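Here's a quick briefing on how the parts of this model pack against one another. Have a look at the structure first, then read on for the contacts.

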There are 2 protein chains.
Amino acid sequence: MKLASLKDGSRDGKLVVVNERLTYCTDASHIAPTLQAALDDWDHVAPKLQVLAESLSHDAVPTLRFHEHDALSPLPRAYQWADGSAYVNHVELVRKARRAKMPESFWTDPLMYQGGSDTFIAPRDPIKMRDEAYGIDMEGEIAVITGDVPMGVSAEEALSHVKLVLLVNDVSLRGLIPGELGKGFGFFQSKPSSAFSPVAVTPDELGEAWRNGKLHLPLHVDLNGQPFGRAEGGVDMTFDFGQLIAHAAKTRTLSAGTIIGSGTVSNKMGGGPGKSLADGGAGYSCIAELRVIETIENGEATTPFLKFGDTIRIEMLDGEGHSIFGAIEQTVQQAL
Amino acid sequence: MKLASLKDGSRDGKLVVVNERLTYCTDASHIAPTLQAALDDWDHVAPKLQVLAESLSHDAVPTLRFHEHDALSPLPRAYQWADGSAYVNHVELVRKARRAKMPESFWTDPLMYQGGSDTFIAPRDPIKMRDEAYGIDMEGEIAVITGDVPMGVSAEEALSHVKLVLLVNDVSLRGLIPGELGKGFGFFQSKPSSAFSPVAVTPDELGEAWRNGKLHLPLHVDLNGQPFGRAEGGVDMTFDFGQLIAHAAKTRTLSAGTIIGSGTVSNKMGGGPGKSLADGGAGYSCIAELRVIETIENGEATTPFLKFGDTIRIEMLDGEGHSIFGAIEQTVQQAL
């Protein structure tokens with residue numbers, strides 16, 4: 001089934017079940033008022049939502065047109081957003097650009113940071129930032145929402161706790177990252193509010209594309225209406241979601257509604273650095289990676305970060321070309 | 001007024017108003033079912049809770065005995081927990097022990113990390129950990145809970161967004177910190193679930209002790225029943241809570257219910273490193289700081305981190321010796 005949280009003036013939105021093609025939805029708030037409430041009692045609530053989803057598919061319940069711009073992020077605020085960096089290729093490239101050797105342990109011990117989760121942006125709302133000089137960038141990623149996860153869970157067992165899958169734009173401020181990481185406490189100001197896809201879906205909706213804890217479909221990332229990235233989610237993902245969840249749960253339990261991100265989807269493509277779509281490659285899911293490759297190849301980065309007025313779009317299509325999660329589509333705006 | 005969340009089998013507990021001496025409480029769930037719900041609509045809800053608090057002080061409402069061990073952390077799960085390191089003395093000492101120079105900017109630009117906020121421990125519940133070798137330590141801190149804070153707020157304006165003040169034990173796993181910080185993404189596994197004081201109080205309850213964005217009272221930290229730290233909250237706090245909130249809100253809004261921590265309370269005491277209580281000093285709010293001083297003075301640390309069975313207690317008393325927030329009192333237990 002597919003779930004969304006409609007804008008209704010409240011902080012958490014109203015839970016609806018959306019049909020497979022994202023054209024219609026039906027109110028689910030009599031079952032659970034919000035997605036968090038559903039996740040808090042998932043074993044009890046999910047079967048009821050599933051029945052409603054089947055009724056919706058048979059036109060047996062009242063429907064509304066579903067408009068993606070009416071949706072908040074599925075969890076407009078969450079109790080946890082932990083973002084991995086599972087496409088280690090991305091990390092290696094960034095390090096190569098600054099001539100830093102990547103520790104071998106990065107291939108076996110996942111990188112993960114604790115993100116802010118109190119104010120996610122709606123998928124079609126602008127990215128409001130005070131200063132272009134922060135170096136505004138998107139990061140196209142895949143994410144999962146878990147149920148309650150016990151401390152010390154194994155990677156295999158962890159996958160059974162994945163309740164929903166969705167996409168994320170992990171907005172990043174490249175100009176603030178070096179100073180912040182130099183202080184040693186990780187990201188904070190350099191990772192402002194993220195935005196998630198309009199719809200979150202249960203793994204069974206993904207069929208064969210969801211296997212081995214990875215989502216085997218290309219992530220469409222467009223910049224100002226032009227294709228920018230089509231990296232394969234299932235390729236070069238060094239750590240699957242089971243491993244990422246187990247990493248997060250090593251020393252604490254994870255509460256229902258925890259969101260775990262994959263990190264920027266990034267493909268290596270035959271040993272070398274990733275190629276642009278124009279050059280026959282898979283392109284990029286963030287501008288920073290293209291700039292790294294420009295730096296490696298030409299000695300300097302020429303593609304600028306996002307400017308006020310720029311628009312990014314992140315989406316994933318099924319085998320028939322239909323949007324699975326709806327699109328994150330955001331324009332960068334100056335905050336006043 | 002003083003607020004607590006009683007254990008009632010739910011994830012967020014039941015909101016109660018507690019009397020000044022922490023002996024009685026009264027159900028406030030008809031005004032707001034949970035503390036988060038109260039914070040979501042604070043301007044509307046707080047005056048009603050205040051009226052209830054006055055009725056409680058006049059025995060004009062039904063009361064229950066208040067037992068601190070019946071309380072969850074005031075926000076048992078929160079949308080944001082951001083912990084500063086405002087007592088820069090603590091940071092400088094830790095660096096000195098490993099002969100690393102602290103950047104001058106640390107005196108002007110706050111250190112802050114994003115903490116996990118989905119599963120806080122109740123103030124009298126054990127710290128369950130799988131392995132003593134993680135180097136289990138407490139960090140006694142002061143924290144505030146904010147309302148909605150706009151992006152780019154000034155430090156002065158930020159103080160008006162402080163709704164509640166409380167204490168926190170920011171449990172830290174010293175053995176995991178070096179490896180994790182070495183990876184560059186900040187703390188994650190090394191900062192498991194924190195515990196907060198049984199009661200959160202509005203700033204007006206603190207009288208003159210709450211001024212200039214600091215809490216001017218000693219923080220009592222005991223280890224296995226022995227006094228360990230009595231560091232003054234108002235001394236050597238380089239960044240006040242207004243500055244910490246402004247730092248957190250530089251590139252994003254903060255949502256109501258955001259918890260901002262002070263970092264380990266630490267006093268310098270006359271230019272040298274902090275002295276133990278036995279030596280006439282203010283003692284320590286974490287074991288790591290004592291170990292640092294042992295290392296500086298004797299070449300090696302001799303005080304061990306917490307072992308299974310050890311108990312820590314964190315509390316703050318008013319001028320008459322009464323507990324303001326109730327006590328965090330936790331025993332370390334082996335997780336099975």
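Let's start with one pair: Arg21(A) and Glu320(A) join their side chains in a salt bridge, 3.4 Å from N to O. Keep in mind that this is a predicted model.

**Domains of chain A**

- On the contact itself, domain 1 of chain A puts in 18 residues and domain 2 of chain A puts in 24 residues.

- About 1,800 Å² gets buried between domain 1 and domain 2 of chain A, with 58% of it on carbon and sulfur atoms.
- On the domain 1 side of chain A, the residues that lose the most area to domain 2 are Lys2(A), Gln36(A) and Leu39(A), which together make up 31% of what that side buries.
- Three salt bridges turn up across this interface of domain 1 and domain 2 of chain A.
- For polar contacts between domain 1 and domain 2 of chain A, the count is seven residue pairs, both partners at pLDDT 80 or more.
- Strand 1 (2–6) and helix 1 (35–40) of chain A are the elements that give two or more residues to the domain 1 side touching domain 2.
- Sorted by class, that domain 1 side of chain A has eight nonpolar, three polar and seven charged residues.

**Where chain B meets chain A**

- Here the contact draws 55 residues from chain B and 54 residues from chain A.
- The buried area between chain B and chain A comes to about 4,900 Å², and carbon and sulfur atoms give 53% of that.

- The interface of chain B and chain A has 10 salt bridges by the rule.
- Asp109(A) and Lys183(B) pair up through their side chains in a salt bridge at 2.9 Å, N to O.
- Between chain B and chain A, 26 residue pairs are in polar contact, both at pLDDT 80 or more.
- Elements giving two or more residues to the chain B side include strand 6 (112–115), helix 5 (177–183) and helix 6 (241–248) of chain B.
- Strand 6 of chain B gives the largest share of that side, four residues.

Note on methods: Residues numbered from 1 in each chain as written. Chains lettered and ligands numbered in written order. Predicted model: local features only at pLDDT ≥ 70, side-chain atom pairs only at ≥ 80, totals over all residues. Heavy atoms only, no water. Contact = heavy atoms within 4.5 Å. Buried area = accessible area lost by both parts, 1.4 Å probe. Salt bridge = Lys/Arg side-chain N within 4 Å of Asp/Glu carboxyl O. Polar contact = N/O pair within 3.5 Å; in protein donor to acceptor, adjacent residues only side chain to side chain. Nonpolar A, V, L, I, M, F, W, Y, C, P; charged D, E, K, R; others polar.
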